[in-house]
Amino acid sequence: MSDIKLGATLFCYTGEYAKFEYDFEECVKQAALAGASGYEIVGTQMIPSYPNVSDEFLGKVKRLKETYGIGPVGYGANNDRGLLFDRDLTDDEMLADTIIDLKTANKLGCKVMRSQYMLSAAAFERLAPYAELYDVKVGIEVHNPETPMSPEMQKYLKVIQKTGSKHLGFVVDFGCFAIAPNKPMWDDALGMGVKEEHLKLAAECRYQELPIEETQKKLAEAGAHPAIQRALQGMYGFVQFRSKEKLPKLLEELRQILPFCFEMHGKFHYLSEDCVEPSIPYEEILTMLKETDYQGYIVSEYEDEMNCGGYEFTRRHLAMERRILGL
Amino acid sequence: MGFAMRMNLNGEIIKKQSFRPMYINGKKQGFSFLVQLGYYRGHYLSTIEQLEVTVDGETIPQEAVTFELNGKEMPLYRLKFATTEFWSQVVPANIHVIKPGGLSVGSHKIQLKLMIRIPYMAIGPDHSYMPLDSGDTVEIEVTE
């Protein structure tokens, strides 16, 4: 039987935080008020002495837990392979940096850490004994355009199975199950004078999985406004989507890696007043997940493409999850 | 220039209210201003690929510009080696510009070119990363 806990990443409040409307404490407070029972923290975003964590900050985290009832459950690590100006970091160097992340996650009391696929499968394999020492489960993020069983992710699956380590696994971002265009980018394009018929044409081409060059050609022939480019890049990039007929297969992929999943990122870009995400099929995803043996957090993750802040949408997202999961 | 990401979350990268004259031996010989990184997270200074200040169309020589963060003032050529200096997106950096005579009374157009390599967003093999444009241009009024 599943045991799903609902959390939120403080990244939801990126807009408020960058505008100095919320400080770290306010982010924690808002996550708690939205209904999260734990939070994820992105180190590069909110840890003042990144990549290390100071006693002062730990004290604050502890005090906020006493005040608002929630503490960090997931550590969002970044894998900056392009740190140096003249070359990529080697596997040795990437591994060493990730061990610093483990120390920080461990100090914060996070049992799960999100890493990114810039950390190669070979370096990930070598991380296992360290992750075990610190008792932090490290999940490679499965993020759109990757899917749970895409070739790139299978490299990590092989390592997880080969090592048999209980500390190596995945964090799946629900954005990879998107079946419709990203609403903020769509609305943004309309606002810049792009005609809806041209956006629909672009979406149709994407559904048919035409190469981007062909879609660009069709749009040019149809006389589409150049401002459609951003939406188009999104459709073929980090917010790409597939046709609804592909969803059962994608969810089957999720089922295959589920025994190795430590956390889910409940990605959302928009939530209507009746709490529906227009591009990510939450009903299908959560209904399926509820019937599995998944035990862990779904961490709500708002991408503030609308630059309106995460206050309202995060509340709606958690309300939607509770409704579907019957929590 | 090709595609570069923009993420001006705060709405203000160069803090317009932060301009201060720089005095050398009691005389106005330049100015300084604060800059907030235009991204959702912080970056190591070694990911800065270009930093250039232009005043009314005139580019300030690189050696006359310094970057101050967390109490450490650095010449620009060192930034690319600064792999342990982390620039938080909520801690503005102070840019100091030596300009003999300082900014004259009147309005000035200050442009900051600031290009960063997003170090976890590879867009190809062999050290090819998504460029971030965190530059900004402001018009300021110098009254005295």
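In which helix is K65(A) found? Select helix α4 of chain A, residues 55-68, and you have K65(A) there. Before going on, some housekeeping: this is a predicted model, in which local features need pLDDT of at least 70 and side-chain atom pairs count only at pLDDT 80 or more, while totals for chains, interfaces and linings use all residues. Residues are numbered from 1 along each chain as its sequence is written, and chains are lettered from A and ligands numbered from 1 in the order in which they are written. Helices (H or I, at least four residues) and strands (E, at least two) are DSSP runs, numbered from the N terminus.

**Stop one: around K65(A)**

Stay on K65(A) and show what surrounds it. K65(A) counts as partly exposed because it has 17 C-beta neighbours inside 10 Å. For the cut-offs, 20 or more other C-beta atoms within 10 Å of a residue's own make it buried, 12 or fewer make it exposed, and anything in between is partly exposed, with C-beta atoms placed from the backbone. Leaving out residues up to four places away in sequence, K65(A) touches I70(A) and G71(A); a contact here is two C-beta atoms, placed from the backbone, that lie within 7 Å.

**Stop two: a helix pair**

Next, select residues 91-108 and 121-134 of chain A, which are helices α5 and α6. Their axes come within 10 Å and cross at roughly 25 degrees, so α5(A) and α6(A) are roughly parallel to each other. Axes are lines fitted to C-alpha atoms, for helices over the stretch in contact, and angles run from 0 to 180 degrees between N-to-C directions. Under 35 degrees counts as roughly parallel, over 145 as roughly antiparallel, 65 to 115 as roughly perpendicular and the rest as oblique.

From α5(A), the residues include M94(A), L95(A), I99(A) and L102(A); from α6(A), they include A122(A), R126(A), L127(A) and Y130(A). The residues of this contact divide into ten nonpolar, two polar and three charged. Nonpolar here is Ala, Val, Leu, Ile, Met, Phe, Trp, Tyr, Cys and Pro; charged is Asp, Glu, Lys and Arg; the others, Gly among them, are polar.

**Stop three: where the chains meet**

How many residues does each chain bring to the contact? Chain A gives 23 and chain B gives 20. On the chain A side, color α1 (14-18) and α3 (43-46), the elements that give two or more residues. The largest share, four residues, comes from α1(A). That side divides into nine nonpolar, nine polar and five charged residues.

**Stop four: zoom out**

Show chain A by itself: 14 helices and eight strands. Its C-alpha trace spans about 60 × 45 × 40 Å along the principal axes, and buried residues make up 50% of its 327 residues.

Switch to chain B, with zero helices and twelve strands. Its C-alpha atoms fill a box of roughly 50 × 25 × 25 Å along the principal axes, and 31% of its 144 residues are buried.
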